[in-house]
Structures are given as C-alpha cells and as structure tokens.
Amino acid sequence: KTQHGHLQSHRARIHQQMDKVLRMRAGAENLYRATSNARVRETVALELSYVNSSLQLLKEELEGLSCSVDADGAGSDGITVPMIPLGLKETKELDWSTALKELISGHFGEDSTSYEAEIRELADLRQAMRTPSRSEAGLELLAAYYNQLCLLDARFVPPGRSLGLLFHWYDSLTGVPAQQRALAFEKGSVLFNIGALHTQIGARQDRSCPKGASRAAEAFQRAAGAFSLLREKFSHAPSPDMSPASLSMLEQLMTAQAQECVFEGLSLPAPAVPHDCLAQLHLAQEAAQVAAEYELVHRTMAQPPVREYVPFTWTTLVHVKAKSFHALAHYHAAVALCGGPCECPAPRAVCLRRPWRGAHSFLPPPAAPPELLALQQVFRGPPAPSLPQEPEERRKLGKAHLRRAILGQEEALRLHAVCRTLRRVDLLQAVLAQALRRSLAKYSELDLEDDFFEATEAPDIQPKTRQRPEVRVPSLSQGKAADIFHRLGPLSVFTAKNRWRLVGPVHVTRGESGFGFTLRGDSPVLIAAVVPGGHAAAAGLQEGDYIVSVNGRPCRWWKHAEVVAQLKGAGDEGVSLQVVTLLPSTEPPSTGDRRPALRGLLRSQKECGWETPAPAQASPRPLLGWSCKAKRGKTVGRPPPASQP
C-alpha cells in the first residue's frame, strides 16, 4: 500500500508484459526465417513491427518509473511539445570464446587459455552495452565498447575474411531481425545506438527552462552527427534503419528537433529583454525556420523507400509540427504588428531651399537603420512588402496574420485527431489547444464591430535563424579505454593482417665494440642495422627484426631506453634475445623452429623504411563495411640494408 510498493507492482506488471512480447517476437522471428512465402513474410514483418513498437513503449514506461524527471511539465505555460526519440537496436548474446581462442593459439602462437580473463571482460562489456542507462554513463559505456570493436577489427580481422561469428541485431524501426558475419555490422549497430541514445536523452530534458532547452539541442545535434557518420562510413547495411535513405531522414529529423529547441530557448520570457516589435518579428522568423525544417523532414518521410517502414505516428507528428510552427510564425508577426509601434521610423527625403537660385532641391533619404532593414526582410513576397507604420494599417495586417495562425492551428489539431496514437498524447493536444485559444483571444481584441473593410492577405514569413544547429559527431573518445588484448603486443606488428616468424631465444655475447647491432624505435624496438661479421650476425639476427624478449622477460611494450638499459646491464656472458621477423604477404608460412603468423599488414611500418604496393582488392561483397574513403593498409616486407653504424 505504500508508494514504493505500488511502483514495485507496476514494474512487475511491465516485466510480465515484456516477457510476453519477447515470446511473441521469438515465434514471429522463427516463422519469418522458416517461410519462403512472400505474403506470409510480409504479414510476419508487419507483426514484428507491431511487437517492436510495443516493446519500445514498455521500455520507455519502465525507464520513466526509474527516473525522477517530470515529463508532464508544470503549469499551462511550461508545457512543451513532445519530441521523437529513437528506440535502441536490440541484439542477442554472443560467444567470443571459440573464435578468439583459435586466433590467439593458431595465429599469434600464444596460450589461448591464459587469455580467458580478457575474453570474459569483452563479453561482460558487450552484455552491459545491451541495456545502457539513459544518461552520460550509458553513452560512455557504448563508446567504450565501440572503441574495443575498433581495436578488435585492427587486431583480429584479416583482409577479406571475418572472425567466423554471426552478429544478430533487430531493426529499430521494423523489428525485423538481421544478421551478418562482418564485424563492421556490429560496429555500425553500436554507433546507431549511440545516436539513438542521444535522442532519448534529448527528449527527456525539461525544455521549459533555457538550460534544459540548450541540453536538448546539444543532444539532438550529437544524434544527427552519429547518423551522419554512420551514413558516410558504412555501406551495404542489411537492415532498413541503417540504409542511406533512413539515416539521411533521421539526420534531418534530429536537426529539425534541435532547431525547435533553439526556438523554445529564444521564446522563453526574459525579464531583462522585453518582447518588443523587433523581438517578436525575430521569433516569427525562427518559428518559420522550424516549420521549414519539419516540412523538409515530412517530404523525406513521404518518399519511398522510407515511407514503407517509418511509423505513421512519426509522419503525422512531423506534419502537425510543421503546421503548428507555421501558425506560430504568423502569430508572432501579428503580435509584433499590433503590440505597439516599432521604434524604426521610415526614412524620408529632406527638402532644401537654395535662395541664390530660388528653387527647391531634394536630398536622397538617409540610409535606413539596420533594424528597419531587418524588418523589411521578415515578410516574403514577389515584391517584398514593406512594414506599415500607420496604426490602422498595422491592425489590419495583424488581423490577417492572426487569421492564418488560427487556420494553421486548426489544421494541426485536425491532423492530430486523425492519428489514433497521437490522440492519446494529452500533452500534445494541450499545447495545440492552448496556442489556438491564445490566437482566438488576440483576434477578438483586434476585431471591431464596424470593420467592413476587405480582408488583407497576410504575406508569408521569411525563414531565418540566428542559431542554426550544427551536425556534431559524438565524442567517442569519452569511452576510450586500454586495449583489452594489449598483452598480444603493439598493433603496429601483432595483428591478423601481418605475417611473421618467431626466432629464438638467441644468445648474443658482447664483443669489444658491443653486441654488433643498432636499435631504433619503441614498442617494439627494431634492430635497425647489424654489423657484418659481428656477434649479432653470427647469432642469426637480421635487420628489421623486432625484439620481443630480453633474458626471458617480454618487452613488446618497452621503450627504446628500457631495452638499451637491459643490454648495457648484461655482463660478458651476453644476453638472450627473442625476435620476430615480418614476412611479405606472398611468402608462404615458414616451418620448423620459426612459427608462422600473420597474413597481410595493418599499416606501413615506418621504422622499416620502405613500402610495397597493397595487394589487389577483392570484388565488393554485400556486407556492411567501411567506406572506400578510408585509408587502406599497405604491405610491408623486409627493409633494405641500412647504413653501417
């Protein structure tokens, strides 16, 4: 009977409903994959879309119970229009163990059982990423996993091949399952969820205060940046929500919502700045800019193939907002015209009498003040209409703008009533009804009983904004963490794109002039030159070898000074070294004591001093992958002999 007990009971009911929806989705997914009948697949896809929408609503309801944000607003003046958040893509559990252990033991020559802790850490990170919190902590979690995927791609994925894992993800818009073996599909889905989480954070902000409106605008700009990056860097998406058309639509939608937040921040009452004529006209242009952005989004949603899978609720809400902000633009223009005279008198010509000629001459009118020039650019027309200065003319033009505002708000309410889902959103109806009542009250103030003049036609408002939102790429470095598999060695050498052989341990004694080789570079340290006939050459060391062990101690991550200090500390008995030699991609794997390793190279080894052209690329495959704009790796072989030390 307590408040806490009531919330717990409500959560339990939501979890039961979610379990039921998940069972329905599992059955529909099995039927979708098993059948080959086109009509059955279409019906099942429609059912999956309905189930996905229900699941997203239940998740939002559960999240609302767990947070303390008041979504209803306070008072009639503090309510704001709802935003469109994007649901997260869902995925199934994944077993990394088999594929990574095979690569570690077979390709890197390491004991795979010693890396069970690293594999478990990666699996735990992925499991936590599936249900991030709607906060900055959730964004950091997604960014950390995305960075680990980039490191995994650089270390474990050989050219033209995959890890052998099958990645399952559900479409965010339709709920239809999609699967691929490409790691790029996993990376793209996580980046999509980063953008979707930004939309949810933006939609939850309290935009009735300037700080909340600013935070919401920033979140929607970050979301637009994530979708823009995904559209530019990834291709061959297997799910509709990650297609170029969908990502372009989502980028436009988030930009429009950010522009709406800018308008809300500017329209909040500021005690220090009165809402005079100039301020109201600026608000009219800002509202017209928001309407233009939403009209662009609505046209994009109405085009195929986007209209096939975009929810009807989204399309209707975008259309409602376009009509509503058009009406708001005319309302603010009417308030500017009828609220009081603008302190911008029109420039007039100056008459001068010249007594020595007995004639009159007229000087040209002085330059118009910047305020008046700005006002003349507010209204759109074949010639640009001028702002009337007479009170009666201003009243007539203000009434004309109010008529257009009332008609637009009535049309927005009609569109709102058409959609059954939007009819249940009481907050949206309250905002539209409040705007209509405000316009009708203003119109009744201006309407005179003896006003029999012909109605004036109100011109359109020129869209313009002083704070255009920018598409900002999310900060992925905030979740940057150390490479989980850093024990395998630096990525410059020890990757699945390289081939090498392990040599040693080799015992090298000290001569009169030292060990007979020169070192260069860090992590790992490179043997830059070997003295012919010296102790190092006799032990089998070669130019271009990388030192990976000194006296049994792994030194793949050691700096140059650390390796030199260990060599200087060795006595006359010498030192035991273990090295790796990079092999060209065309050389077959070696046998015997020198174990084979990687095929191809991740990047050019600058320490080696030379590069060979990259191998011919394979034909494009219908898999999600990085864009061709990305830099391709280059193949590296053994460097030419360096000058003698």
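The side chain of threonine 465 reaches the backbone nitrogen of glutamine 467 at 3.1 Å. This comes from a predicted model, in which local features need pLDDT of at least 70, side-chain atom pairs count only at pLDDT 80 or more, and totals for chains, interfaces and linings use all residues. Residues are numbered from 1 along each chain as its sequence is written, and side-chain values use heavy atoms, with hydrogens and water left out.

**Threonine 465**

Threonine 465 sits in the loop between strand 7 (460-461) and strand 8 (500-508). Helices (H or I, at least four residues) and strands (E, at least two) are DSSP runs, numbered from the N terminus. A polar contact of 2.9 Å joins the side chains of threonine 465 and glutamate 286. Such a contact is a pair of N or O atoms within 3.5 Å; within protein, one must be able to donate a hydrogen and the other to accept it, and residues adjacent in sequence count only if both atoms are side-chain atoms. Leaving out residues up to four places away in sequence, threonine 465 touches Gln259, Glu286 and Gln289. Contact here means heavy atoms within 4.5 Å. Threonine 465 counts as buried because its relative accessibility is 15%. The classes are buried (under 20% relative accessible area), exposed (over 50%) and partly exposed in between, with a 1.4 Å probe and protein chains only.

Strand 11 (residues 546-550) is mostly covered: five of its five residues are buried. Two strands pair if DSSP finds at least two bridges between them.

| Partner | Bridges | Facing residues |
|---|---|---|
| Strand 10 (residues 525-530) | two | leucine 526 and tyrosine 546 |
| Strand 13 (residues 575-582) | four | isoleucine 547 and valine 579 |
| Strand 12 (residues 553-554) | two | valine 550 and arginine 553 |

Strands 11 and 12 form a hairpin with two residues between the strands. In that hairpin, asparagine 551 takes a positive phi near 55°.

**Aromatic pairs**

The structure holds nine aromatic pairs. One is formed by phenylalanine 108 and tryptophan 500, edge-to-face, at 6.0 Å centre to centre with 65° between the planes. That pair links distant parts of the chain, 392 residues apart. Phenylalanine 108 lies in the loop between helix 3 (97-106) and helix 4 (116-129), while tryptophan 500 belongs to strand 8. Phenylalanine 108 is buried, at 6% relative accessible area. Tryptophan 500 also counts as buried, at 4% relative accessibility.

Phenylalanine 263 and phenylalanine 325 make another edge-to-face pair, at 5.6 Å centre to centre and 85° between the planes. This pair too links distant parts of the chain: phenylalanine 263 is in helix 8 (residues 244-267) and phenylalanine 325 in helix 10 (residues 312-338), 62 residues apart. Phenylalanine 263 counts as buried at 5% relative accessibility. Phenylalanine 325 does so at 4%.

The criteria are simple. Rings of Phe, Tyr and Trp (its six-membered ring) pair if their centres lie within 6.5 Å; planes under 30 degrees apart count as stacked, over 60 as edge-to-face and the rest as tilted. Phe108 and Trp500 also belong to one aromatic cluster with Phe156, Phe485 and Phe494.

**Charges over rings**

Arginine 556 lies over the face of phenylalanine 494, at 4.3 Å from the ring centre. Phenylalanine 494 is itself part of the aromatic cluster. Elsewhere, the charged end of lysine 89 sits over the ring of phenylalanine 192, 5.7 Å from its centre. A charge sits over a ring if NZ of Lys or CZ of Arg is within 6 Å of the ring centre and within 35 degrees of the ring normal.
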